[in-house]
Amino acid sequence: MREWSSAMAGAPGVVLVHKMTELPSLVTIKGPATVGSVVPTSTRWLVRGAVALALVAAASWLGYVIAFRQGLDHLHAAAQQRLTVEAARLDGHLSRFEYLPSLLETSPSVFRLLEAPDDRALQQSVSLYLKSINLLAGADNLYVLSVSGATLAAADFDQPGTPFGENLSYRPYVSEALSRGRGAFYGVGITTAKAGYYLSYALKDGGATKGVATVKVNLESFEQAWRNTENDILLVDERGVTILASRDAWRYRPMAPLSVQTRDDIARSKPYGNHDLAPLGWNFAGQSTGDAARITAENGTAYTVSELPINRGLWRLILLDDEAPTRQTALIIGVISGLAAVVALLALGLVEQRRREIRQRLASQAALEAANDMLETRVQERTAELRATQDELVHAGKLAALGQMSAGIVHELNQPLAALQTAADNAVLLVDRGAIDDARGNLTRIGELVRRLARLTSQLRVFAYKSSSPLGAVSVDHAVAESLKILAGRVKEGGVAVVTEVDAKLCVVADQTRLEQLLCNIVANALDAVEGAERKSILIRAGREEAPAARCRIAISNSGPAIATDVLQRMFEPFVTTKPAGKGLGLGLMLSNHIARSFGGELHARNLMPDGAEFVVTLPLAETAEAASHGR
């Protein structure tokens, strides 16, 4: 049960009491789902679970695929940079020795040996000459052959396995030099069993080929360096056979099975010694981005293959990147993607559950609101009645305050009326005597007295009706001055010292008449309070305060006795007064509080130490210029 009550004063006692017994329940809450609904719900959850698993699997797969492809792209880009560096090193190393065979064409002793190939002394002399040149050049070997392919002099003539005295006419680089002037060949040495790159040059005299100069370049240093790197590197010749490899098992093995014609050519030139040339047996696994292929080696390891042509396009430099680290990273990213999808689905489920709870709560609230509709209507009707009664009480309070102010205003009227009578009589006499200027001065004085009387009587008129004027900017200094004029008679008769400290530029948002009524009520209470006090004084201060917000603060303090604690707590309620019967209704402070709140302000009271009391009014500030126009 709820109960509202309101007791107001200034008119016959009015007590509004609204009682309402508990309303019967208007909402029927549905019970648990029936057994028949269990099967569809279970099926729905199974479907949702399957969809969620599919989404998680798709997210994991997509994350894995994207990460793996990006990893392969990174491997390929890094491989291209590495291949560019290695190719430059190889090409630079080979080009260092291309000039060396042609240098022998400037040696007369070499041509004398070619003219007399059986001269032992020349063979010895030229071999020593070749040795000295080779020591400076840094090649593996340097030798001279006759047009028949016989080795006439060699830089390693005094070393085991020297080609000195051997016939090498079957070597391709010999026939190429004789037919085209230059030749190049990679192969295993017949006498040393060491592989090398052979560069040959036809030695001519008078346009006729007299012999062939050949330099052998050793490339084992590159192969040794490759074995110390993370990646595997191969060098493949024009036949597709690996001639250098970071792994011994891959050397002298073709990338693909060789044709019969190629095998016959290899049997004649013997570039790979006695190796059986078994294919590597790699399986093509797909194409990556760019020129990179993917293969699976014999041991099952997956590689990304990047290659770059070198040696004028005759050879291919191949780099193999193991895909295992990239695949492992991609798997981790795939797992993370799946977990992220799980988290997203859980968050989505929580959001959906929250929305369902909100819908249920809203449904319950709607039911309660439907039950309260009739109650709200009743309350609004009682509120309207209460407001109408309150307006009547405010008007009644004004009429009550009017009676208290009448005595002071009558006292003020007596003096202007007496002065007015004297000025009028003097004006008649002055006119009769012809003193027109003096009579004009008296008439001016009469006009001022009439205006003063009009202001005094207007106070009675404005306090007697219900004010509905709109709020505007009001000068606080002007409102205080007008209020003190109304109470000037009581101030003078009571011998009360009134001191004002008001900022002349201070303005508030209010109604001129109601603000003066508010101040009159508070000052009148202060006059009542100091009536029996030894020291009778009232201090009115008004200024700005910035905290907690910019507002106007009007403080009216008196030197009377302190207010009792029980009265201080209820002094803004109707009919609360400390005056004896017949001197007050206890409505003045209630009306003042109501007026302050209607302006958007507040009214407070407190006791001062050691004696006295203070009433503080806080009101919204207004612009000075606007207030000045309202004051005029």
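**Exercise A: a salt-bridge network**

Task: Name the residues that are linked in a network of salt bridges.

Solution: A salt bridge is a side-chain nitrogen of Lys or Arg within 4 Å of a carboxyl oxygen of Asp or Glu. Under this criterion, a network of salt bridges links Asp-237, Glu-238, Arg-239, Asp-265 and Arg-268. A search of the whole structure gives 30 salt bridges. The structure is a predicted model, in which local features need pLDDT of at least 70 and side-chain atom pairs count only at pLDDT 80 or more, whereas totals for chains, interfaces and linings use all residues. Residues are numbered from 1 along each chain as its sequence is written, and side-chain values use heavy atoms, with hydrogens and water left out.

**Exercise B: individual salt bridges**

Solution: Next, consider the sequence: the two residues are three apart in helix α1, so about one helical turn separates Arg-89 from Glu-86. Helices (H or I, at least four residues) and strands (E, at least two) are DSSP runs, numbered from the N terminus. For the exposure, buried means under 20% relative accessible area, exposed over 50%, and partly exposed in between (1.4 Å probe, protein chains only).

Task: Determine where in the chain the salt-bridge partners Asp-158 and Lys-131 lie.

Solution: The side chains of Asp-158 and Lys-131 form a salt bridge, with an N to O distance of 3.2 Å. Asp-158 belongs to the loop between β4 and α5, and Lys-131 to helix α4 (residues 120-137); the pair thus links distant parts of the chain, 27 residues apart. Asp-158 is partly exposed at 40% relative accessibility, and Lys-131 is partly exposed at 29%.

Solution: Glu-223 is buried, with a relative accessible area of 5%, whereas Arg-227 is partly exposed at 32%.

**Exercise C: Arg-171 and helix α5**

Task: Locate Arg-171 and describe its surroundings.

Solution: Arg-171 lies in the loop between β4 (151-154) and α5 (172-180). Side chains of opposite charge can pair when their charged atoms come close. Lys and Arg count as positive and Asp and Glu as negative, with His and the chain ends not counted. Arg-171 is buried but has no salt bridge, and Glu-166, the nearest side chain of opposite charge, is 10 Å away. Contact means heavy atoms within 4.5 Å. Beyond the neighbours within four places in sequence, the contacts of Arg-171 are Phe-185, Val-188, Gly-189, Ile-190, Ser-269, Lys-270 and Pro-271.

Task: List the buried residues of α5 and the elements they pack against.

Solution: Pro-172, Tyr-173, Val-174 and Ala-177 are the buried residues of α5. These buried residues pack against β3 (141-146), β5 (182-188), β6 (195-205), β7 (208-217) and α7 (260-269). Just after α5, Gly-181 has a positive phi of about 95°.

**Exercise D: the largest cavity**

Task: Describe the lining of the largest cavity.

Solution: On a 1 Å grid over the protein atoms alone, a cavity is a set of points where a 1.4 Å probe fits but cannot get out, and lining residues have an atom within 4 Å of a point. The volume of the largest cavity is about 30 Å³; grid points are joined across faces, edges and corners, and a volume is the space filled by probe spheres set on the points. Val-480, Ser-483, Leu-484, Leu-519, Val-523, Ile-540 and Ile-556 form the lining. At least two lining residues come from each of α10 (476-486) and α12 (512-529), and α10 gives the largest share, three residues.

**Exercise E: the whole chain**

Task: State how many helices and strands the protein chain has.

Solution: The protein chain has 15 helices and 20 strands. Of its 632 residues, 39% count as buried. Among contacts with a separation of 6 or more, 61% join residues 24 or more positions apart.

Key: 1 Å grid on protein atoms, 1.4 Å probe; cavity = no way out; pocket = protein on both sides within 12 Å on 5 of 7 lines; lining within 4 Å.
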